[in-house]
Amino acid sequence: MSDSEKKLKVRRVAKIFVSGDSPIEVLRGVDMAVERGVSVSIRGESGSGKTTLLNIIAGLETADSGTVSLNGMDLQSLNEKKLASVRCRQIGMVFQAYHLIPELDVLENVLMAARILGDLSEPNRRRARELLERVGLGGRLHSSPTQLSGGEKQRVALARALMNRPTLILADEPTGNLDEKTAHGVIDLIFEICREENSSLVMVTHNPQYAARTDRQLLLNNGLMTDDIKNPAGN
Ligand SMILES: Nc1ncnc2c1ncn2[C@@H]1O[C@H](COP(=O)(O)OP(=O)(O)OP(=O)(O)O)[C@@H](O)[C@H]1O
Ligand SMILES: [Mg+2]
């Protein structure tokens with residue numbers, strides 16, 4: 001497969017939530033394509049469906065209609081086991097609410113995807129320690145996530161997302177709970193790793209300065225994705 005074929009392709013993705021009596025049409029046919037190595041940011045009002053879209057791309061939530069394909073593979077067509085394997089090998093996700101496992105220490109959290117793939121070899125353990133070093137938590141390998149501050153949890157979540165050298169990194173407001181200095185560090189690291197690994201990046205952020213560092217700036221509005229006209233790409 002050529003590099004130009006290696007991409008994330010979201011086509012006509014729609015999602016309706018029914019809560020109470022009234023259905024909420026969150027996504028109404030979202031189209032998006034992100035080539036290998038390209039970064040995009042997504043803005044959109046609270047409740048516009050950004051997290052829902054990222055969850056659908058990651059296969060954590062199903063779309064009512066439409067398709068998501070990654071590097072030519074249609075994710076809907078995969079069974080649960082194959083989907084879990086693709087998620088572990090190819091997708092790194094930083095969630096808005098961390099989603100760390102409180103029963104496991106910091107190092108074991110970072111090793112989660114490697115564990116699922118059955119590869120807790122020494123090189124993998126070394127990579128996990130190195131990543132934790134890079135996010136400034138080399139001294140907290142055996143802490144419980146419950147003992148960490150919000151910013152520290154987010155940095156563990158970032159190390160975990162990067163562990164398996166994903167081709168696609170999904171980051172949902174990765175700096176939402178961080179002070180400015182820590183936030184800059186996290187963003188720098190995300191871009192640095194994307195460059196090193198030639199990963200694609202889809203990042204939800206409300207910070208125009210961080211959005212401006214991505215190759216393309218998108219806006220999710222009224223259930224549809226558009227190029228962000230207020231902040232056109234390249235500015
Ligand atoms: N499981 C669910 N059941 C019912 N409604 C849901 C569910 N998940 C999300 N929603 C609704 O879908 C809409 C989109 O939610 P989503 O979390 O994707 O928004 P968002 O753009 O990420 O918002 P924020 O910027 O606040 O994080 C919201 O109105 C939310 O209440
Ligand atoms: Mg959200």
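Contact here means heavy atoms within 4.5 Å. Helices (H or I, at least four residues) and strands (E, at least two) are DSSP runs, numbered from the N terminus. This is a predicted model, in which local features need pLDDT of at least 70 and side-chain atom pairs count only at pLDDT 80 or more, while totals for chains, interfaces and linings use all residues. Residues are numbered from 1 along each chain as its sequence is written, chains are lettered from A and ligands numbered from 1 in the order in which they are written, and side-chain values use heavy atoms, without hydrogens and water.

Start at helix α2, residues 80-90. Its buried residues are L83, S85, V86, C88 and Q90. Buried means under 20% relative accessible area, exposed means over 50%, and partly exposed lies in between (1.4 Å probe, protein chains only). These buried residues of α2 pack against β4 (65-70), β5, β6, α4 (112-116) and β7 (168-172).

Strand β6 comes next. Both of its faces are covered. I91 and M93 are buried on one side, G92 and V94 on the other. β6 pairs with β7 in the parallel sense, over 4 bridges. Two strands pair if DSSP finds at least two bridges between them. I91 stands opposite L168 of β7.

Now the open sheet. It has 4 strands in the order β2-β1-β4-β5, with antiparallel pairing. β2 (22-35) and β5 (73-74) are its edge strands, each pairing on one side only. β1 (residues 7-19) meets β2 over 11 antiparallel bridges. One bridge partner to pick out is P23 in β2, which goes with V18.

Strands β9 (residues 216-221) and β10 (residues 224-227) pair in the antiparallel sense over 4 bridges. L219 stands opposite T226 in β10. The hairpin has 2 residues between the strands, and N222 takes a positive phi near 55 degrees.

T51 is in helix α1 (residues 50-57) and Q96 in the loop between β6 (91-94) and α3 (106-110), so the pair ties together parts that are 45 residues apart in sequence. T51 is partly exposed at 29% relative accessibility. Q96 is also partly exposed, with a relative accessible area of 35%.

Next come the open spaces. On a 1 Å grid over the protein atoms alone, a cavity is a set of points where a 1.4 Å probe fits but cannot get out, and a pocket is an open set with protein on both sides within 12 Å along at least five of seven lines. Lining residues have an atom within 4 Å of a point. Grid points are joined across faces, edges and corners, and a volume is the space filled by probe spheres set on the points.

The largest pocket holds about 420 Å³ of space. It is lined by 19 residues, and R87, C88, F95, A113 and R160 are the closest to its centre. α2, β6, α4 and α6 (150-162) each supply at least two lining residues. α2 gives the most, with 4 residues. The lining divides into 13 nonpolar, 3 polar and 3 charged residues. Here Ala, Val, Leu, Ile, Met, Phe, Trp, Tyr, Cys and Pro count as nonpolar, Asp, Glu, Lys and Arg as charged, and the others, Gly among them, as polar.

The second largest pocket has about 210 Å³ of space. Of its 14 lining residues, G59, T62, L75, Q76 and L83 lie nearest the centre. α1, β4 and α2 each supply at least two residues. This lining has 7 nonpolar, 5 polar and 2 charged residues.

How many cavities of 30 Å³ or more are there? The count comes to 1. The largest cavity has about 30 Å³ of space. Its lining is K6, K7, L8, V34, R36, L70, N71, T167, L168 and S200. By class, that gives 4 nonpolar, 3 polar and 3 charged residues.

Last, look at L120, in the loop between α4 and α5 (122-134). L120 is partly exposed, at 30% relative accessibility. Not counting residues up to four places away in sequence, L120 touches L111, A114, R115 and R125. L120 and E108 are 12 residues apart in sequence and 9.9 Å apart in space, C-alpha to C-alpha.
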